[in-house]
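Open your viewer and keep the selection tool at hand. We will go from stop to stop, picking residues and looking at what surrounds them.

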Number of protein chains: 2
Amino acid sequence: MSIQPMVEKLPYWLREEGEYSEIVISTRVRLARNLSDTPFVQRASEEELSEVMERAREAFLRLERFENFFYMDALDPIERQFLVERRLMSPEFAKNGKNRGLAVGEDEKFGIMVNEEDHFRIFSIVPGFNPEEAHEIVDDIDNFLSRELEIAFDNDFGYLTACPTNVGTGMRISVLVHLPALVLTKEMDKVIRSLSQTGYFVRGLWGEGSRIQGNIFQISNQRTLGVKEEDIIENMKRMVKEVMDYELNAREILIKNARSQIEDKIWRAWGILKYARMLSSEEVINLSSAVRLGIGLGFITEISVLHLTRLLVLSLPAHLQLLVGREMEAEERDIKRAEFVRKTLGGKNDG
Amino acid sequence: MSIQPMVEKLPYWLREEGEYSEIVISTRVRLARNLSDTPFVQRASEEELSEVMERAREAFLRLERFENFFYMDALDPIERQFLVERRLMSPEFAKNGKNRGLAVGEDEKFGIMVNEEDHFRIFSIVPGFNPEEAHEIVDDIDNFLSRELEIAFDNDFGYLTACPTNVGTGMRISVLVHLPALVLTKEMDKVIRSLSQTGYFVRGLWGEGSRIQGNIFQISNQRTLGVKEEDIIENMKRMVKEVMDYELNAREILIKNARSQIEDKIWRAWGILKYARMLSSEEVINLSSAVRLGIGLGFITEISVLHLTRLLVLSLPAHLQLLVGREMEAEERDIKRAEFVRKTLGGKNDG
């Protein structure tokens, strides 16, 4: 199964603008599920894990809109990194390929990691803020798997998972939010503290263990036990609305107190993206944060936030290398990346 | 005498591109002259200095192409700064206005500072490298003044001047050269040392005591005594040719060893100039140095070095304030400067 066709297509969450896309880049919902007749991944033997893979793969073939199944150990490092950049699997998952697999649905609307922390991590990523849609997608898959396989479920606890934090619904909603004004006004630390206290994790763009880049935060619910899926969604909605209001308020304050400085920051970022001849991924992420803010504030109208998110993802190292069709050293990547960014933004002189 | 008409016109050295203008911005020739019947400026009384002013001014009225005479103490600080930015007088000269005057010729082809270090500092600034032309202009004025006034001259020493370094011809040629590649390749210190040892001063953009900005250096001959004017010119020509060769050689090395980095630096500077909303003079000088190099290397063709030099001068603080027509704080100046730069470079979105 080649990864190349995926390189040439956009995943669902990069195809259209979703609700609140001014601030919310995407919503991801995942369910943690395990087979009842097999020990959890950490305690299972290689044979058992291999059997989980084969049983799952065999079942997936009957799953509607299923498209690809990747054996981790059949993928080279760039292909794995591509899937991480695509947010179809965790960096952690990519590291050890043995007996690990990834199922990907049509348009990458869903994915299933096999033998990650749990036997199955079913997830869906949708554009903007839309936990219902993402939930519906994973729910369908969950129902399918329950029909096909014996899923570990306890009448008191709910779904049983390897890590106690996932027991119960096994559901985690993660929203990717862009909060530049809260960072610039130095309010973000306070917001993070308050979110942690009210039951949310706040992480970087690439999830657990990743650092913050480009003022993009991933906020997820901590609690999965003793709370209904609908309530998780409702709480998430309230929280996201609140965070958005904070951010929009901080933007107003910025414009009131430092309009010229903010405009300058935004337009310089735009000028650099449009003209630079070498760009690291980190710089693209940071500069596009300023441009994204500029779109939100109405200064920049040449590009949409959706195009900017695409730019950011499609210019990541593995994407770039698969696009060009060969491995490249960092310097060559930076040159190609700048070329790609320039072409996308319609900068002249991209000779 | 108002300064405003000068604000709306370009000085001769900014009107056309001269020889070697890729590297040499301008050539300035000045002669130091003193009245034989009056003590040198440092030792003269206020009455004597005032008399020098009046005698000079009266003579200037008969001078061909004479246009303006400014009494320093009649000018406000911004007007004085404007004349410094225009390179018609030294920052030092602007500080103490008493009994100091400045005559300016048509198109600013020449100027005469009265009661600077010497009674008369006759100078001409021409575009590119052209010591002959500048020399011819000051020579004409020198002949005129010798007919009109008693100039201190000694048959052994030549022209007598306040500072012994100017005795003899009293002539100093200064070329303004842009040497970014010698700076980037860290060769410039060596070049400066070698120039000092062979009889040249190397200073910043604004002459004596000014620091280096934008990789622009002012190189002048040290020796004025015991050497003919023609020889000073010939030596200067040889030296400038040599420095130019060094610089062009350094550019080749840069392109060979770090083409992408150099291209990147140049285009980023271009992008920032084109889009920034706040720019300090210092930043304009530095960014336009990279762009100037880009023009020299053939990367940037949208603008000429002449336009770039204009941009640099016309966006200096006093120029900007006289253009807008009012005093402005630094922040407002930076905003107006960015607006001016954007308009000049044809950047869009200059709302």
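Which residues form one aromatic cluster with A:Phe60? Select A:Phe66, A:Phe69 and A:Tyr71 along with A:Phe60, and you have that one cluster on screen.

Before moving on, two notes on reading this tour. This is a predicted model, in which local features need pLDDT of at least 70, side-chain atom pairs count only at pLDDT 80 or more, and totals for chains, interfaces and linings use all residues. Residues are numbered from 1 along each chain as its sequence is written, chains are lettered from A and ligands numbered from 1 in the order in which they are written, and side-chain values use heavy atoms, with hydrogens and water left out.

**Aromatic pairs**

Over all chains, the whole structure holds 12 aromatic pairs (rings of Phe, Tyr and Trp, the last by its six-membered ring, with centres within 6.5 Å; planes under 30 degrees apart count as stacked, over 60 as edge-to-face and the rest as tilted). Zoom in on A:Phe60 and A:Phe66: their ring centres are 6.1 Å apart and their planes stand at 35°, so this pair is tilted.

Next, select A:Trp267 and B:Tyr275. Their planes are at 5° and their centres 5.9 Å apart, so the pair is stacked. This pair crosses between chains, linking helix α8 (residues 229–275) of chain A to helix α8 (residues 229–275) of chain B. Helices (H or I, at least four residues) and strands (E, at least two) are DSSP runs, numbered from the N terminus. A:Trp267 and B:Tyr275 are both buried.

Now try two charges over rings (NZ of Lys or CZ of Arg within 6 Å of the ring centre and within 35 degrees of the ring normal). A:Arg28 places its charged end over the ring of A:Phe123, 4.6 Å from the centre. In chain B, look for the charged end of B:Arg87 over the ring of B:Trp13, also 4.6 Å from the centre.

**The sheet of chain A**

Colour chain A by strand. Its 8 strands run β2-β3-β4-β5-β1-β8-β10-β9 in an open sheet with antiparallel pairing (two strands pair if DSSP finds at least two bridges between them). At the edges are β2 (66–71) and β9 (200–203), each pairing on one side only. Follow β9(A) to strand β10 (residues 216–221) of chain A: 4 bridges join these antiparallel strands, and A:Val202 stands opposite A:Ile219.

Which strands does helix α2 (residues 46–60) of chain A lie across? They are β2, β3 (101–105), β4 (110–114) and β5 (120–127) of chain A, and the helix runs at about 160° to β2(A). Axes are lines fitted to C-alpha atoms, for helices over the stretch in contact, and angles run from 0 to 180 degrees between N-to-C directions. Show α8(A) as well: this helix lies across β1 (24–33), β8 (171–178), β9 and β10 of chain A, at about 10° to β8(A).

**Into the core**

Finally, select A:Ile112. Beyond neighbours within four places in sequence, its contacts (heavy atoms within 4.5 Å) include A:Phe60, A:Leu63, A:Phe120 and A:Ile141.

How values were computed. Buried means under 20% relative accessible area, exposed over 50%, partly exposed in between (1.4 Å probe, protein chains only).
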